[in-house]
Amino acid sequence: QWQVVDSGGGLVQPGGSLNVSCASSGFTLENYAIGWFRQAPGKEREGVVCVSSKWKEERSIDSVKGRFTISRDNAKNLVHLQMSNLKSEDTAVYFCAGVRSRYYEWTCPLYRPDEWQFWGQGTQVTVSS
């Protein structure tokens with residue numbers, strides 16, 4: 001049985017940094033493409049950054065390039081999102097996600113939330129002074 005728990009969210013001032021993590025169990029994380037999505041109030045869930053399982057191709061939206069970094073610790077079944085130079089528009093609930101398929105060894109479906117197979121419960125990130 002899959003269990004996925006997001007943690008590490010909180011309140012941070014603009015320009016600050018925050019790390020959020022996702023702990024998974026019940027499956028072998030290294031076989032999955034992983035990603036982080038976010039959903040702000042009144043908006044649809046959007047992909048932020050993802051990385052394929054085998055060939056480590058990374059995709060991200062332009063607004064977070066150079067500021068957000070995704071990483072994984074397969075031995076511990078952990079997924080991390082390091083966020084720096086945070087802006088008010090980054091305020092949202094952040095979700096980790098995973099998908100396993102041969103195709104996603106090469107890429108990851110950043111713009112297709114419907115493709116992802118597991119989701120964390122989400123953690124709130126608020127950027128405000």
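**Strand pairing**

Guide: In this predicted model, Asn 19 has Gln 82 in E8 as its bridge partner.

Visitor: What makes E3 and E8 a pair of strands?

Guide: Two strands pair if at least two bridges are found between them. E3 and strand E8 (residues 78-83) are joined in the antiparallel sense over 6 bridges, so they meet the criterion and are called paired.

Visitor: How do you know that strand E1 pairs with strand E3?

Guide: The same test applies. Strand E1 (residues 3-7) and strand E3 (residues 18-25) run antiparallel and are joined by 5 bridges; the requirement is at least two, and therefore E1 and E3 count as a pair. Within this pairing, Asp 6 has Cys 22 in E3 as its bridge partner.

**Disulfides**

Visitor: What makes the link of Cys 22 and Cys 96 a disulfide?

Guide: The sulfur atoms of Cys 22 and Cys 96 are 2.0 Å apart. The cut-off is within 2.5 Å, so the pair qualifies as a disulfide. With 40 degrees about the S-S bond, this link is right-handed. Cys 22 lies in strand E3 and Cys 96 in strand E9, 74 residues apart, and the pair thus links distant parts of the chain.

Visitor: Are these two cysteines, Cys 22 and Cys 96, buried or exposed?

Guide: Cys 22 is buried because its relative accessibility is 1%, and Cys 96 is buried because its relative accessible area is 1%. The limit for burial is under 20%.

Visitor: How many disulfides does a search of the whole structure find?

Guide: The search finds 2 disulfides. The link of Cys 50 and Cys 108 is right-handed, with 80 degrees about the S-S bond. This pair also joins distant parts of the chain: Cys 50 belongs to strand E5, Cys 108 to the loop between E9 and E10, and 58 residues separate them.

Visitor: Why are Cys 50 and Cys 108 called buried?

Guide: Cys 50 has 0% relative accessibility and therefore counts as buried. Cys 108, with a relative accessible area of 1%, is buried as well.

Visitor: What is the pairing when the bonded cysteines are numbered in sequence order?

Guide: The pairing is 1-3, 2-4.

**Burial and contacts**

Visitor: Why is Glu 105 called buried?

Guide: Glu 105 has a relative accessible area of 19%. Burial requires under 20%, so Glu 105 is classed as buried. Glu 105 lies in the loop between strand E9 (92-99) and strand E10 (118-119). Beyond residues up to four places away in sequence, Glu 105 touches Ser 52, Ser 53, Lys 54 and Trp 55.

Visitor: What makes Gly 35 a buried residue?

Guide: Gly 35, in strand E4 (residues 33-39), counts as buried because its relative accessibility is 0%. Leaving aside neighbours within four places in sequence, the contacts of Gly 35 include Val 49, Cys 50, Phe 95, Cys 96 and Trp 116.

Visitor: Is Tyr 32 buried or exposed?

Guide: Tyr 32 is found in the loop between E3 and E4. At 6% relative accessibility, Tyr 32 counts as buried.

Visitor: What is noted about the phi of Lys 56?

Guide: Lys 56 has a positive phi of about 55 degrees although it is not a glycine. Most residues other than glycine have a negative phi. Lys 56 is placed in the loop between strand E5 (46-51) and strand E6 (58-60).

Visitor: Why is Lys 56 called partly exposed?

Guide: The relative accessibility of Lys 56 is 47%. Buried means under 20% and exposed over 50%; the value of Lys 56 falls in between, so the residue counts as partly exposed.

Visitor: Where is Asn 85 found?

Guide: Asn 85 is found in the loop between E8 and E9. Asn 85 has a positive phi of about 45 degrees although it is not a glycine, and at 41% relative accessibility Asn 85 counts as partly exposed.

**Confidence**

Visitor: Which elements have the lowest and the highest mean pLDDT?

Guide: Among the elements of the protein, E1 has the lowest mean pLDDT (78) and E5 the highest (97). The protein averages a pLDDT of 93, and 98% of the residues score at least 70.

Technical notes
Residues numbered from 1 in each chain as written. Predicted model: local features only at pLDDT ≥ 70, side-chain atom pairs only at ≥ 80, totals over all residues. Heavy atoms only, no water. Helix = DSSP H or I, 4+ residues; strand = E, 2+ residues; numbered from the N terminus. Buried < 20%, exposed > 50% of the residue type's maximum accessible area, 1.4 Å probe, protein only. Contact = heavy atoms within 4.5 Å. pLDDT = per-residue confidence, 0-100.
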